[in-house]
Amino acid sequence: MKYTRCNSQFYSLRVLPLTAALVIVTGLWGCGQKNTTLEEGNSIYTDGRQWTYNVTFSDSSGTVLSNCTLKLSVGASSVSSVLAGQKGITYTYSNCDSAQSFEETTGVDESAEGIFLHPPRLGAFAFTEVVPFPRITYPAELITSSEVELTVRKSAFKLAENKTFQHIIERTVTDTLEFKDARIPCYVIEGRNTNYTKEIGQYKCKYWFSPKYGFVRLLYYKPDFSTVDLLLADTNF
């Protein structure tokens with residue numbers, strides 16, 4: 001796989017050999033939608049596209065603590081020298097951690113074999129270094145389970161620096177989410193770190209992937225049972 005190994009001056013990703021897959025048949029494509037692969041010319045993360053997420057921070061009881069807006073834009077070419085072979089993306093943070101907006105430039109790797117997306121990792125999102133990054137393997141209908149290693153060299157989350165995290169990431173169930181006045185079918189991917197659980201704690205993630213819109217929801221669970229929920233609110237396509 002093209003994206004099973006990712007190296008940069010900040011990260012090194014390696015998918016371990018142990019991978020299990022089981023084909024399942026579901027009604028996910030009952031509305032006539034097709035799986036999105038590059039062979040079909042239907043890449044999702046193309047230049048000029050934008051995703052706007054509403055972000056909700058909640059405590060362990062589910063009480064909402066704060067909200068902010070995060071925008072993902074594709075086409076930041078300046079990242080190409082850092083993340084070889086990946087397409088540049090920019091996250092724009094609005095009122096997250098502070099009243100000011102700021103940007104983060106990183107990358108996404110999309111191929112006929114799947115998608116590997118770098119999540120937002122600054123400010124209140126720095127902890128996302130600890131969990132598996134959003135990724136989907138095609139064909140998405142496969143239930144997959146992978147062991148992944150991610151080495152973090154430099155991080156805004158200082159506890160993660162110079163550590164190699166071991167992850168379990170699984171494509172589990174199917175679901176639908178409401179978006180643009182419609183119910184869109186999604187594949188659900190779940191993951192967690194399996195080491196440094198005493199020193200840092202266990203962080204968990206749950207990602208909803210739409211073959212049309214890409215990652216439409218990113219839900220994170222922290223060791224103290226608080227959550228950070230990124231839910232797609234709008235796109236420009």
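**Entry 1: the fold.** I began at the N terminus and read off the elements as β-β-β-β-β-β-β-β-β-β-β-β-β-β. My tally for the protein is 0 helices and 14 strands; helices (H or I, at least four residues) and strands (E, at least two) are DSSP runs, numbered from the N terminus. I note that this is a predicted model, where local features need pLDDT of at least 70, side-chain atom pairs count only at pLDDT 80 or more, and totals for chains, interfaces and linings use all residues. Residues are numbered from 1 along each chain as its sequence is written, and side-chain values use heavy atoms, with hydrogens and water left out.

**Entry 2: totals.** I looked up burial next: of the 237 residues, 50% count as buried (under 20% relative accessible area; exposed is over 50%, partly exposed in between; 1.4 Å probe, protein chains only). The exposed surface comes to about 10,900 Å², and carbon and sulfur atoms supply 49% of it (Shrake-Rupley method, 1.4 Å probe). For contacts (heavy atoms within 4.5 Å), I took those with a separation of 6 or more and found that 55% join residues 24 or more positions apart.

**Entry 3: aromatic rings.** How many aromatic pairs does a search of the whole structure find? I get 16. Rings of Phe, Tyr and Trp (its six-membered ring) pair if their centres lie within 6.5 Å; planes under 30 degrees apart count as stacked, over 60 as edge-to-face and the rest as tilted. One of the pairs is Tyr45 with Trp51, stacked at 4.7 Å centre to centre with 25 degrees between the planes. Tyr45 is buried at a relative accessible area of 1%, and Trp51 is buried at 0%.

I then turned to Tyr93 and Phe125, whose centres are 5.6 Å apart and whose planes meet at 55 degrees, so this pair is tilted. The pair links distant parts of the chain, 32 residues apart: Tyr93 sits in strand 5 (residues 87-94), Phe125 in the loop between strand 7 (114-117) and strand 8 (135-137). Both residues, Tyr93 and Phe125, are buried.

I also followed the ring pairs that link Phe127, Tyr138, Phe157, Tyr203, Tyr207, Phe209, Phe215 and Tyr220 into a cluster.

**Entry 4: Arg171.** I found Arg171 in strand 10 (residues 163-179). Arg171 is buried yet has no salt bridge (a side-chain nitrogen of Lys or Arg within 4 Å of a carboxyl oxygen of Asp or Glu). Which side chain of opposite charge is nearest to Arg171? I noted Glu141, 7.3 Å away. A polar atom of the Arg171 side chain does lie 3.1 Å from the backbone oxygen of Ala140.

Methods
Lys and Arg count as positive and Asp and Glu as negative; His and the chain ends are not counted. A polar contact is a pair of N or O atoms within 3.5 Å; within protein, one must be able to donate a hydrogen and the other to accept it, and residues adjacent in sequence count only if both atoms are side-chain atoms.
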